[in-house]
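Here are my notes for a first look at this one. Have the sequence and the model open side by side while you read.

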Amino acid sequence: MGIWKPGIASAQFSFARWTVENGLPQNEIEGMAQTPDGYLWIVTMDGLARFDGVRFTILNKSNTPEITSNRFVGSYSSSNGDLWLRTEHGGLLRYRSGVFHAYGVSEGLPKTPIGAITGDSNGEIWILSKGSILKWDKELNRFDPVPSLNSREYSLLAWDAGGMGAYDKNNVYTFCAGILRTYSLPERLRGTGIAKLAVDQDQVVWIETGTGEHVRLAIDAPDRSLELPKTDNVVFQGPNGQHWSMNVGPGLLRSIEGNLDGKPLQVAFYKAFTDRQGSLWLGTPNDGLYRLQRSTIDVYTVEQGLTSRNVYPIYQDRSGAVWIGAWEGGLSRRDHDHFTNYTMKDGLPSTLVTAIFQDTSGRLWIGSHGGLTIFDNGRFLPTPFPVLPDVVQAIHEDSKGDLWFGMRSGLVRWSQGELHTFTQADGMPASDVHVITESKDGDIWIGSSAGLTRFHQGVFHHWTQQDGLSGNDIWSLYAETDGTLWIGTFDSGLMKLKDGKITRYTTRDGLFNDGVFAIVDDQKGYLWISCDMGIYRLSKRELAEFADGSRSSISSTAFGKADGLLDLECNGGITPAGMRSRDGSLWFATQDGAAVIRPSQIPDNLQPSPVVIETALVGQRAVSVLSPVVVPPSKDSLEVQYTAPSFYKPEQIRFRYRLEGLDTDWVNAGLRRSAFYTHIPPGVYRFQVSSEHGNGIWSPVGEGLPVTVLAPFYRTLWFECLVLFGAIAILTLLWQRRMSRLRYEQAQKLNFLQSLIASQEDERKRIAGELHDSLGQRLVVINAVAQLSLQSRGKQLEQEEMGALQEISSEALAAIEDTRTISYDLRPVHLDRFGLTRAIEILVRNVSSASSVPMTAEIENIDDLLPEEHRINLYRIVQEALSNIVKYAEATAVSVRAVRAAQQAILTVEDNGVGFETAANANKTGRHGLGLRGMSERATLIGGEFTVTSAPGHGTTLRVLIPTQTGEPDG
């Protein structure tokens, strides 16, 4: 048995290093500063390096026109966020809001090199040039000498105060943050040489004399200073209260000791800086850049007293002691910072320890490759039952007091002095049992290489992948009091079983690793899980939201070597591989020691870093992001590069982005720090991006980057208007041509119709004339001869001959009357004799007399309404209308009216007859072959408009509207 009293855990601080091999432009660091956007700026003699925690961006004269020299020798970050930079040959630059501005003689700078820069909390800036101090005038944007300070020659102070120092034979003077301080030299140092001056954070002056002696002076009162005791250590304090002890060596060069990749190192540096997240950055003269972070994981391994590095089961007994089983090393007990080790010499059956458990009586059960043993009262004792047939990997005592032992080949229960082995006949698969636990309802849950098994009321129930598990190799179980069972697998992720529903979580859903070797609840809302790649943390809230479907992914926070782990590979497959101790610490078994995490020291509400949009590439060409990005029609791609400067696990920051106006939802970018779009439709958009630091809190979106995508000329408004106007013009031209054609065709049709009707009327007039002049005259002659014969020979004729002559005379008279009627119908003689008005009145009277249908005529004088050759058309319309009324209307009253107005004349023929369906009778014709269509055509010939209004049982109204101001009718 061996007893060790270790010192501190192996890793209080973790070191990281960057050189030219992994991003720096040069290994000589001349200054460091952090700007408000979160970037860390590293000043070197070969350009500037801007660091976001993941990648360096090099800025120098080749890519930044304002930088005229790459040889930077100092920097200062002012309280208003400006970054001031000085170069070796006198250049001075200010970086503000993404823009560099170089100062020169025109702004009051002398031509001599700038030796130092300092400032105060109000944003005032002073510079040192050739021993003299100048102040920046913010109003005039220029530098002016400060006479009250220039009675002595100053030089740059060695450390991080950013100020100037001077001395004479009696005093040392410092000018830092706008304050001039005077320190009296001790009598023994007056008149001696001073090689170097520095000021620490407590305004203590460090002096290195010409002989190499280090002297510290502090102001004891306004009128005197005090020499402090000698020491080789100076304390550097970060903004979060963290103290760093540094050694001061020759040349006032500070150094700090640590461990990098398992090897001790001593880092010597002039420049030290703490960022806003508490990391300490060290700039070395020729060894690159170092970062020191407080380790969140302490590791107990061989150096602290363990018997072996490779740790498997970890268990805390009821006294508070932690028992650690080591692979091929035996058993270690840690109690009050003391380690007590047990090996086979102390009675341990084997140094390969596989399981640890304490029962309710206080006995400690230990499984090993040498069998199962009991540790009680400082001694290893045999078990009260026969030796088990296989290596025990899991031990559990249930609520009834029964002990369960999980072995490589199955499950055993010791109950009431009897040992029972469960076989396949009982429903228990013959498999490698890794873990046993009990849920609040008293069910026993067994995780094995064959899946998940529940022992419920004496019956085994088994689940495998076929039943919904993500994998069959179960390595860890954790039962919560609300009935939730968490199930961890070797390589298939995490599962949640609640109310009969299984929810699976894998790397596709945001899990850091699909290995779940141990599950430990920190009682603060997180599950901690070990795997082959380290330890990671999950939010139980996010896990629940994923299970109920209210979120599509989860976030993980991983912890590894940067957090203090000596070996990323954790161990599992035995119980317990991890546990929460009484003080809230979380213990995990690893390949190199027992890793201890104190959740109270880890930020669980870390605010996400603001996102910075760094670069936009339009068609592979970089454009400025300080103004809206314009994508011309000739370019079809847009790439936006962004970041979230942070130095706490920056490699685990996740991003999401969207192009507002195009993307309907956020695009999950994961760890990727760029977005790429092709073929964006023309329009105005806004690119927005947000970051998340592993705790589900997304950063505010901010204003984003305006993006305007220009349309090609054929999709612009002016071109579309031009096309529209052109189309309208073409359509107008086509319409005009069509209308001209229609008018031409209509004119041709009217000319033809007019010619046809005119020829008909001419033919009727000719026929009427011939009937009247030829046939009519001959009939008159026949009648006259017959009458003469009757008168001259009446007495001499026989009765039969007289009857024949009388009949000839009578028929001749009838034929004469018929001839006159036909002749009148063919060409109304009254139209030529009395005019259109009187002709229509006579027509109405004659038709009424012949048909016995009462008809009235109210005709205003329309004789001059139409040219002579067109009057017959209006007459024929009335004639045909009256003829149709007599034949078909069965009317008892008819009226014919003609009314003249200023703009038009209206002829109306109205009856109270039976009426008709106008559509069905449109093609009926009258005796003269006119019909409704004929009347409409005649109305068109005289330039009028013909309408018919009729319905069955409601009579008929025919109306002709004739413009009175039209000189000649169309046609």
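**Notes on the predicted model**

1. Start at the surface: Phe713, Tyr714, Trp718 and Leu722 make up a nonpolar patch with about 500 Å² of accessible area together. Patch members have over 30% relative accessible area and no salt bridge, with nonpolar side chains (Val, Leu, Ile, Met, Phe, Trp, Tyr) joined within 5 Å; areas come from the Shrake-Rupley method with a 1.4 Å probe, and only the protein chains shown count as cover for residues. Tyr714 sits in the loop between β66 (705-709) and α2 (717-792). With a relative accessible area of 48%, Tyr714 is partly exposed (buried is under 20%, exposed is over 50%, partly exposed is in between).

2. A word on the ground rules. This is a predicted model, where local features need pLDDT of at least 70, side-chain atom pairs count only at pLDDT 80 or more, and totals for chains, interfaces and linings use all residues. Residues are numbered from 1 along each chain as its sequence is written, and side-chain values use heavy atoms, with hydrogens and water left out. Helices (H or I, at least four residues) and strands (E, at least two) are DSSP runs, numbered from the N terminus.

3. Next, have a look at the open sheet of four strands, which runs β59-β58-β61-β64 with antiparallel pairing (strands pair if DSSP finds at least two bridges between them). β59 (621-623) and β64 (674-678) are at the edges with a single partner strand each, so one side of each has no neighbour in the sheet. From one strand to the next, the twist averages 25°; axes here are lines fitted to C-alpha atoms, and angles run from 0 to 180 degrees between N-to-C directions. β61 (residues 637-643) and β64 pair in the antiparallel sense over five bridges, and Leu638 is opposite Tyr677 in β64.

4. How many salt bridges does the count come to? It comes to 35, taking a side-chain nitrogen of Lys or Arg within 4 Å of a carboxyl oxygen of Asp or Glu. One of them joins the side chains of Arg50 and Glu614, at 3.4 Å from N to O. Arg50 belongs to strand β5 (residues 47-51) and Glu614 to strand β58 (residues 612-618), so this pair ties together parts that are 564 residues apart in sequence. Both Arg50 and Glu614 are buried. There's also a network of salt bridges here, linking Arg50, Asp52, Arg55, Glu614 and Arg673.

5. Arg71 is in the loop between β6 (56-59) and β7 (72-77), and Glu88 in the loop between β8 (83-87) and β9 (92-96), so the pair ties together parts 17 residues apart in sequence. Arg71 is partly exposed at 35% relative accessibility, and Glu88 is partly exposed at 30%.

6. Glu545 and Arg551 form a salt bridge as well, at 3.1 Å from N to O. Glu545 is partly exposed at 22% relative accessibility, whereas Arg551 counts as buried at 17%.

7. Disulfides: the count comes to zero, using a pair of cysteine sulfur atoms within 2.5 Å as the rule. As for individual cysteines, Cys176 is buried at 3% relative accessibility and Cys721 is partly exposed at 28%.

8. Finally, helix α7 (residues 931-941): Gly931, Leu932, Gly934, Met935, Arg938, Ala939 and Leu941 are buried there. Just after α7, Gly943 has a positive phi of about 80°.

Key:
Buried < 20%, exposed > 50% of the residue type's maximum accessible area, 1.4 Å probe, protein only. Patch = residues over 30% accessible without salt bridge, like charges linked within 9 Å, V, L, I, M, F, W, Y side chains within 5 Å.
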